[in-house]
Amino acid sequence: MFDRFSRLLPKSMRRSVPVVPVVRLTGVIAAGSSPLNPPMSLASVAGALERAFSDKAAPAVALIINSPGGSAVQSRLIHRRIRDLAEEHNKPVLAFCEDAAASGGYMIACAADEIYADPSSIVGSIGVIFSSFGFPEAIAKLGIERRVHTAGQNKSTLDPFLPEKAEDVDYLKSLQLEIHETFINLVKVRRGGKLVDDPEMFTGRFWTGLKAHELGLVDGIGDIRNVLRGKFGSKTKLRLISQPRGLFGRRPMAGMQGSVGLGAELGAGLADGLISAAEQRAHWNRLGL
């Protein structure tokens with residue numbers, strides 16, 4: 001494959017040793033930012049992806065994926081950006097699953113032309129989940145009065161401080177079904193005839209890398225170094241591409257640029273970070289990791 005793609009390049013741009021750009025896509029997928037536990041989003045990975053695909057001499061772009069999932073929107077945006085760049089630069093994409101490529105993490109992996117996993121990787125979880133807490137009795141015991149005023153009868157749907165309504169749950173499930181169908185269609189389009197006809201394929205179940213290979217969710221078992229050297233030659237080198245850095249070589253942190261109220265922002269950032277850490281831990285725990 002390397003020879004086929006390298007022949008398309010001018011002689012001045014051909015390398016004697018193939019160098020493959022590698023982008024790490026790790027963590028829970030979510031919009032926004034957290035100083036302590038930054039999630040993965042299109043904004044956080046777009047720069048690195050652009051740099052990787054802009055290497056005209058590279059025979060391919062490799063993705064290392066380690067994510068339990070998260071936002072369906074951000075997952076699909078990252079997936080779409082990878083596909084757009086691959087088509088724009090005419091480069092094959094190879095994805096390598098580490099601990100997990102589950103749910104949104106697997107959606108991103110499907111942007112690759114080939115997917116590889118470790119035998120013990122967790123792969124799959126093609127489903128949609130919503131989780132929260134309910135406190136209607138707790139606040140009453142504490143003597144707290146909940147005051148909510150809305151314009152629109154459905155503005156307080158699934159309020160955690162009010163009793164759950166059957167009609168609200170039914171509506172949420174209808175939304176989940178739509179999102180799930182979008183996910184299923186994406187996997188079918190990208191994996192095509194590689195998938196085995198298994199009744200549990202799209203139920204949200206997840207598997208080890210070995211079983212995922214049997215089901216057609218991944219193309220092979222292997223690590224990035226050996227797979228790439230097998231494809232492009234034993235001298236192939238990997239070049240890790242990181243997110244572009246801001247002024248003075250530091251990555252910019254949302255909400256931390258100014259000096260006014262810095263202490264308050266740091267405190268708020270710490271609180272957000274602790275909440276984010278708990279939420280991210282919950283995502284990994286669902287996979288037993």
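Is R80 buried, exposed or partly exposed? R80 is partly exposed, with a relative accessible area of 32%. Here buried means under 20% relative accessible area, exposed means over 50%, and partly exposed lies in between (1.4 Å probe, protein chains only). The model is a predicted one, in which local features need pLDDT of at least 70 and side-chain atom pairs count only at pLDDT 80 or more, while totals for chains, interfaces and linings use all residues. Residues are numbered from 1 along each chain as its sequence is written, and side-chain values use heavy atoms, with hydrogens and water left out.

Helix α3 is described next. Helices (H or I, at least four residues) and strands (E, at least two) are DSSP runs, numbered from the N terminus. Helix α3 covers residues 72-89. The expected span of a helix is 1.5 Å times one less than its number of residues. For the 18 residues of α3 this gives 26 Å, and the end C-alpha atoms are 26 Å apart, which agrees. S71 caps the N-terminal end of α3. A side-chain oxygen of S71 lies 3.3 Å from the backbone nitrogen of V73. Such a polar contact is a pair of N or O atoms within 3.5 Å; within protein, one must be able to donate a hydrogen and the other to accept it, and residues adjacent in sequence count only if both atoms are side-chain atoms.

The buried residues of α3 are Q74, S75, I78, H79, I82, R83, L85 and A86. They pack against β1 (19-26), α2 (42-53), β2 (61-67), β3 (93-102), α4 (104-109) and α6 (166-191). Contact means heavy atoms within 4.5 Å.

N90 follows α3. This residue lies in the loop between α3 and β3. Most residues other than glycine have a negative phi. N90 is partly exposed, with a relative accessible area of 48%. S125 also has a positive phi, near 55°. S125 lies in the loop between β5 (122-124) and α5 (136-141). At 15% relative accessibility, S125 counts as buried.

The interior was examined through its nonpolar cores. A nonpolar core is a set of buried Ala, Val, Leu, Ile, Met, Phe, Trp, Tyr and Cys residues joined through side-chain atoms within 4.5 Å. The largest has 46 residues. Those with the most contacts inside it are L25, L63, I82, Y106 and L217. Helix α2 gives the largest share of this core, seven residues. A second, separate core has twelve residues, including Y116, I224, V227 and L228. Leaving aside neighbours within four places in sequence, L25 is in contact with M40, V45, L63, I64, I65, N66, I82 and I108.

Strand β1 is largely enclosed by the rest of the structure, because six of its eight residues are buried. Two strands pair if DSSP finds at least two bridges between them. Five bridges join β1 to β8 (residues 237-241), and the two run parallel. P21 has R239 as its bridge partner in β8. Five bridges also join β1 to β2, again in parallel. T26 has N66 as its bridge partner in β2.

Charged side chains were then considered. A salt bridge is a side-chain nitrogen of Lys or Arg within 4 Å of a carboxyl oxygen of Asp or Glu. The count comes to twelve salt bridges. E87 and R80 form one of them, at 3.8 Å from N to O. E87 is exposed, with a relative accessible area of 51%. Both E87 and R80 belong to a network of salt bridges that also links R83, D84, D113 and R190.

D219 takes part in salt bridges with R191 and with K194. The side chains of R191 and D219 meet at 2.9 Å, N to O. This pair links distant parts of the chain, 28 residues apart. R191 is in helix α6, and D219 is in the loop between α7 (209-215) and β7 (220-221). The closest N and O atoms of D219 and K194 are 2.9 Å apart. That pair also links distant parts of the chain, with K194 in the loop between α6 and β6 (206-208), 25 residues from D219. R191 is buried, with a relative accessible area of 2%. D219 is partly exposed at 25%, and K194 is partly exposed at 39%.
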